[in-house]
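Please walk me through this structure in a viewer. Tell me what to select at each stop and what is to be found there.

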Number of protein chains: 4
Amino acid sequence: MDREMQDLQSRLEDAFAAASAIYQKRGFQRRIGFGRKPALVIVDMANAWTRPGYPFTCEKIEEQLIPAHLKLLEACREHNFPVVFTTTCFQVVDPDNPNTDMGLWHKKIPIEVADYSNEDIWAIDSRIAPIKGEQIMIKKRASAFHGTYLAGYLRAIGVDTILVTGVTASACVRATITDGIADGFRTIAVREAIGDRIPGAVEWNLFDIDAKFGDVESVDSCLAYLNTVNFRND
Amino acid sequence: MDREMQDLQSRLEDAFAAASAIYQKRGFQRRIGFGRKPALVIVDMANAWTRPGYPFTCEKIEEQLIPAHLKLLEACREHNFPVVFTTTCFQVVDPDNPNTDMGLWHKKIPIEVADYSNEDIWAIDSRIAPIKGEQIMIKKRASAFHGTYLAGYLRAIGVDTILVTGVTASACVRATITDGIADGFRTIAVREAIGDRIPGAVEWNLFDIDAKFGDVESVDSCLAYLNTVNFRND
Amino acid sequence: MDREMQDLQSRLEDAFAAASAIYQKRGFQRRIGFGRKPALVIVDMANAWTRPGYPFTCEKIEEQLIPAHLKLLEACREHNFPVVFTTTCFQVVDPDNPNTDMGLWHKKIPIEVADYSNEDIWAIDSRIAPIKGEQIMIKKRASAFHGTYLAGYLRAIGVDTILVTGVTASACVRATITDGIADGFRTIAVREAIGDRIPGAVEWNLFDIDAKFGDVESVDSCLAYLNTVNFRND
Amino acid sequence: MDREMQDLQSRLEDAFAAASAIYQKRGFQRRIGFGRKPALVIVDMANAWTRPGYPFTCEKIEEQLIPAHLKLLEACREHNFPVVFTTTCFQVVDPDNPNTDMGLWHKKIPIEVADYSNEDIWAIDSRIAPIKGEQIMIKKRASAFHGTYLAGYLRAIGVDTILVTGVTASACVRATITDGIADGFRTIAVREAIGDRIPGAVEWNLFDIDAKFGDVESVDSCLAYLNTVNFRND
């Protein structure tokens, strides 16, 4: 498996290099850059995604994503930048109920486990627990913007840049970044703070994102930005 | 006051008659009609709006709106039509916090009272309490559609008609109806189930709505529809 | 008619005074204020609404709304503030075609006249013609925000304040203002630059707007702001 | 290059097989299925994407995508199912103009070529030209739903299923499908009618889509559905 994973990584890197040659020649893969007032948007770092034993459980949570989030949270809290946590759950998780708020998504993925009445499942992981003043947003679909007040909230408080983290690269994180730039925000994907559950998915999704929808930046690069951007609320 | 109110009503009725003459000649005030699968959308019938003593407290709750809602709820529950309750509250109600989810609305109205941490304030009025399977939707703005999953939810479950009730006529109810038809739903404003807190506001808002955005229908007319529409989920 | 109109105005002013007493005591009718970077959003000042002979034709266009718009446009253009013109039209105006983009709106109002193939009907009034660099946005519903790129456009270019004008007070202007504050913009309704086609509609809609959704300000007040706000694009 | 492409394909197929094993065990990759009333949503099959010589030019247009579209169009037109064509262009394509409707997207990709004043660039490819009654929708962002009237249009006309085609798999097609299911539509990605411009992008994006957001189906399977679904407009 490790060997196969290495082969895949190596082959994907070859493909990305070939694709980058095309993109660079044609004017893709530009830099959007950091802006004046950032917010941290943490996607679905809730127990069903971060703890073992669920259909949604992801890889590299303990050793990589949690530490990356702790660093980002510390910097945002020190400078009073807004933090938004999203999670996903549903009030009607019976797939046979014709009036379920799962919409049609349970016809593709096992979201019936995300039961609102069982808060343990969808609560934000206690290792990165929200503090007073940080938004906890329940969403029903992949994007943190779709069917939520995120865009209006960020605009009203003057945010122009979002650092997006969490899981998964191939669904909720990517959808959030695609919507983020569409809604007029500078979108930054924080590389080590983004995960998934299948081999390759982080790589090919970050590649597509960096080419077209947001800058993929390291945690260190984001920390340097958070610690130096000099925003004064008007 | 009663005399003044009667004078205003009478003068408004004259104005509406004159306006209706113009509208009728020009092709406004058409009927949108009831559709195949209705949902009941109950706007902000929560304590801060329905109980005495709040800035948001409305008129005619006990004697008119609650009984109207009970009749509509009974019919919807009997036939298993979806019911959505909205309420409005905020995670950060300090107007000086630059990151508040009140957005800019507290700069117009006293929404800082709608504190998420005090559930009594924003809970749905217990006289019309939701039952299992009915959606309770927290919204941040006037419209039940804006920044919520309402449109996607209704579309996914095949609803084509919304009966809109609650408070206030001049804000959340009207905004919900305006968005409802824009999002492709047949919108019905249920006359006796809609309230407000200032004289005239119900009248002029229902007049505008009926002219352009939805049919204003009586509770009886809606009950007759709910009891006869023969929807089968596919 | 003039006498009747005066009576209505007088009666409405009495009602507004009584309502304002309630609102003031309860903390409504606050000021949202002008912000750092304004845009002018001109709603449906297109021929079908501004020229004689259409079902949509409004009052006071020539003597009041056009001059008010010319002053606002001059100030915005001098200072390079963005200007957005909206208009409304449809690609399929046959009400019997089950696939029309009129949605359900033709079931309430005569929008079948707004035929995309007849540009004269929906073109912006030539007396206030757009110039190069100003957005012309075709919308399908009442609000300039609903189903358009307006929110994302404004956010991306750093606008935090919208001056809203045009027609009608009771439909597209009001819906635009309701959505504007919901999307996080400071909303200003420019009093003399807003019109309608029936008696009283401007008055009661501006009253509701000023109480809850945006500040109603005079043209002069807006001009003073436009000529002094000192925005530098970052 | 061909050899490298074969190696990549082979390696990706291995990765997809490994991922599918995980997904299947956990309840992903379910079937959403075809519904009652379909629409065909054709994404960005406009000259800048389908003709040689542009930064956006895609692969396999002539030999694969055009024939696939012609078959789908024929079936939809025969049965009077709605067809929507999207394209992308901008009224202000000067990247230095602070008020451009390109938003922030020109900071990632070369959309400054999509100039509204040069219709040749953004017109729908004449080989699959729209006919009267079919919607042509100008969008500003990746998703056909974002900042457009698509969701409201489809909902109003009773569509419950969208067949999505066009370019590119890694941007506008994927974003459209992600939004489509979120908005409550059964989403079908038509495999041979979807393209891109870099090696591997069609494969990894269709894989992610099929796992989580929509069913990837062949043209033949879609034709069989279009020719047998027995929708009667109510």
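A salt bridge here is a side-chain nitrogen of Lys or Arg within 4 Å of a carboxyl oxygen of Asp or Glu. This is a predicted model, in which local features need pLDDT of at least 70 and side-chain atom pairs count only at pLDDT 80 or more, while totals for chains, interfaces and linings use all residues. Residues are numbered from 1 along each chain as its sequence is written, chains are lettered from A and ligands numbered from 1 in the order in which they are written, and side-chain values use heavy atoms, with hydrogens and water left out.

**Stop 1: chains C and D**

Select chain C and chain D. Between them the count of salt bridges is zero. Polar contacts are present: 12 residue pairs, both at pLDDT 80 or more. A polar contact is a pair of N or O atoms within 3.5 Å; within protein, one must be able to donate a hydrogen and the other to accept it, and residues adjacent in sequence count only if both atoms are side-chain atoms.

On the chain C side, the elements that give two or more residues are β3 (135-139) and α5 (150-156). The largest share, three residues, comes from α5(C). Helices (H or I, at least four residues) and strands (E, at least two) are DSSP runs, numbered from the N terminus. By class, this side of chain C has 10 nonpolar, 11 polar and five charged residues. For these classes, Ala, Val, Leu, Ile, Met, Phe, Trp, Tyr, Cys and Pro count as nonpolar, Asp, Glu, Lys and Arg as charged, and the others, Gly among them, as polar.

The contact (heavy atoms within 4.5 Å) takes 26 residues from chain C and 26 residues from chain D. Now color Gln91(C), Asn99(C) and Tyr149(C): in chain C they lose the most area to chain D, together 27% of what that side buries. The two chains bury about 2,100 Å² between them, 51% of it on carbon and sulfur atoms. Buried area is the accessible area (1.4 Å probe) that two parts lose on being put together, summed over both.

**Stop 2: chains A and D**

Select Arg26(A), Arg30(A) and Lys108(A), which supply 16% of the area that chain A buries against chain D, more than any other three residues.

How many salt bridges cross the interface of chain A and chain D? The rule finds six. To view a salt bridge, select Arg30(D) and Glu112(A), whose closest N and O atoms are 2.7 Å apart.

Next, superpose the two chains. Chain A can be laid on chain D with an RMSD of 0.0 Å by a turn of 180° and a shift of 0.0 Å along the axis. The two copies are thus related as by a two-fold rotation axis. The same surface serves both copies, since 100% of the contact residues of chain A recur in chain D. Copies are superposed by least squares on the C-alpha atoms of residues with pLDDT of at least 70 in both.

**Stop 3: Asp208(B)**

Go to chain B and select Asp208(B), in helix α7 (residues 201-212). Is Asp208(B) buried or exposed? At 0% relative accessibility, Asp208(B) counts as buried. Buried means under 20% relative accessible area, exposed over 50%, partly exposed in between (1.4 Å probe, protein chains only).

Leaving aside residues up to four places away in sequence, Asp208(B) touches Arg174(B), Phe213(B), Ser170(C), Trp204(C) and Asn205(C). With Asn205(C), the side chains make a polar contact of 3.0 Å.

**Stop 4: backbone details**

Select Val167(A) and Thr168(A), joined by a cis peptide bond with omega about -5°. Thr168(A) lies in the loop between β4 (161-167) and α6 of chain A. In chain D, a cis peptide bond joins Val167(D) and Thr168(D), with omega about -10°.

Finish with Asn80(C), in the loop between α3 (61-78) and β2 (83-88) of chain C. Asn80(C) has a positive phi of about 60° although it is not a glycine. At 47% relative accessibility, Asn80(C) counts as partly exposed.
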